[in-house]
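I opened this one to see how the chains fold and pack. These are my notes, in the order I looked things up.

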Amino acid sequence: MVYEERNTWSALIVTVITTIAYVIVVVHAAEGGALTDVEWWPIMAWTIGVSIVATVVVSVLWGFIAGMFDPDSVGTADQRDRDISRIGDRVGQSFMVIGGLGVIILSAFEADTFWIANTMFFGFALAAIVGGIASVIAYRRGLV
Amino acid sequence: MVKPTKVTNNIRSLREAEGLTQAELARRIGVTRQTLIAIEQGKYSPTLELAFQIARNFGTGLDDVFRYPEETE
């Protein structure tokens, strides 16, 4: 597995785990009541922060372990990595746009800030997850 | 399912004729071994620049390394 593929896997795994954890924590904090009563923003800020740090840590550790077995694969990216990265970005971008449109529509109807912020949050999360899956498929099955 | 490219190549036979490993050829043309494997198996179409680098490495022309089927009516 090449350097960039490891990074893609790291980001994908961490994003899936932290997004699920975010949903569990928010639902748990609601204690059966309305979700809009939850003080969501510290949970969201922590989720985003933990995602970034965990992705870096997992990538570095994975790279360190992989480097012991295949020193040539450390820190190198080539044209194929860039092409696959573009595919992943393009696929993920559509979910970012859907999230953005959702925010506009919810704002127009003066929805609770909980729904506005979470629509954008899940737009980002889905963009990262679906884009990551597209990249991983391209690495495994090929890109022609 | 990814549609295989119509472009075929004989990089593997040229490489083996020169006694090169995938790692050695990959290093020469500046890509990872996985990328070279993907190109050899037709799972990745190299850029024109990379195709020229591969051909030049074997001291031959593009047509001797890569093939594209003739159009049939």
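Below are my entries, chain A to begin with, then chain B.

**Entry 1: what I have open**

I'm working from a predicted model, so everything here is computed.

**Entry 2: chain A overall**

I asked for the secondary structure of chain A and got four helices and zero strands. Going along the sequence, the pattern reads α-α-α-α. I then checked the extent of the C-alpha trace, and chain A spans about 55 × 30 × 20 Å along its principal axes.

How many of the residues of chain A count as buried? I get 23% of the 144 residues. I also looked at contacts between residues at least 6 apart in the sequence of chain A, and 78% of these join residues at least 24 apart.

**Entry 3: α3 against α4 in chain A**

For α3(A) and α4(A) the angle is about 165° and the axes are 7 Å apart. Over 145 degrees counts as roughly antiparallel, and that makes α3(A) roughly antiparallel to α4(A). I noted the handedness too: the crossing of α3(A) and α4(A) is right-handed. Sorting the contact of α3(A) with α4(A) by residue class, I count 20 nonpolar, 13 polar and one charged.

**Entry 4: positive phi in chain A**

I went looking for positive phi in residues other than glycine. A:E31 came up, with phi near 50°. I find A:E31 in the loop between α1 (3-30) and α2 (40-69) of chain A. Is A:E31 buried or exposed? A:E31 has 8 C-beta neighbours inside 10 Å and therefore counts as exposed, as 12 or fewer is the cut-off.

A:E110 is another one on my list, with a positive phi near 50°. The loop that holds A:E110 runs between α3 and α4 (113-141) of chain A. I counted 8 C-beta neighbours inside 10 Å for A:E110, so it goes down as exposed.

I checked A:M1, which sits in the segment before α1 of chain A. A:M1 has 15 C-beta neighbours inside 10 Å, so I marked it as partly exposed. Leaving out residues up to four places away in sequence, A:M1 touches A:R6 and A:A66. I also took a distance from A:M1 to A:L35: they are 34 residues apart in sequence, and their C-alpha atoms are 42 Å apart.

**Entry 5: nonpolar cores**

Which residues make up the largest nonpolar core? I find eleven residues in it, namely B:I11, B:L25, B:A26, B:V31, B:L36, B:A38, B:I39, B:Y44, B:L50, B:I54 and B:V65. The elements giving two or more residues to this core are α2, α3 (33-40) and α4 of chain B. I noted that α3(B) gives the largest share, three residues. There is also a second, separate core of six residues, and A:A11, A:L12, A:A125 and A:A127 are among them.

**Entry 6: α3 of chain B**

Next I listed the buried residues of α3(B), which are B:Q34, B:T35, B:L36, B:A38 and B:I39. What do the buried residues of α3(B) pack against? I get α3 (79-108) of chain A, together with β1 (8-9), α1 (11-17) and α2 of chain B. After α3(B) comes B:G42, and I read its phi as positive, near 75°.

**Entry 7: α2 against α4 in chain B**

Last, I looked at helix α2 (residues 22-29) and helix α4 (residues 48-57) of chain B, whose axes come within 10 Å and cross at roughly 120°. That angle falls between the roughly perpendicular and roughly antiparallel ranges, so α2(B) and α4(B) are oblique to each other. The crossing of α2(B) past α4(B) is right-handed.

From α2(B), I see B:L25, B:R28 and B:I29 meeting B:L50, B:Q53, B:I54 and B:N57 in α4(B). By class, the residues of this contact are four nonpolar, two polar and one charged. I followed up on B:L25: leaving out residues up to four places away in sequence, B:L25 touches B:R15, B:L20, B:L36 and B:N57.

Key
Residues numbered from 1 in each chain as written. Chains lettered and ligands numbered in written order. Predicted model: local features only at pLDDT ≥ 70, side-chain atom pairs only at ≥ 80, totals over all residues. Axes fitted to C-alpha atoms, helices over the stretch in contact; angles between N-to-C directions. Parallel < 35°, antiparallel > 145°, perpendicular 65-115°, else oblique. Left-handed = near helix turned anticlockwise from the far one by under 90°. Contact = placed C-beta atoms within 7 Å. Nonpolar A, V, L, I, M, F, W, Y, C, P; charged D, E, K, R; others polar. Buried ≥ 20, exposed ≤ 12 C-beta atoms within 10 Å, placed from the backbone. Core = buried A, V, L, I, M, F, W, Y, C linked by C-beta atoms within 7 Å.
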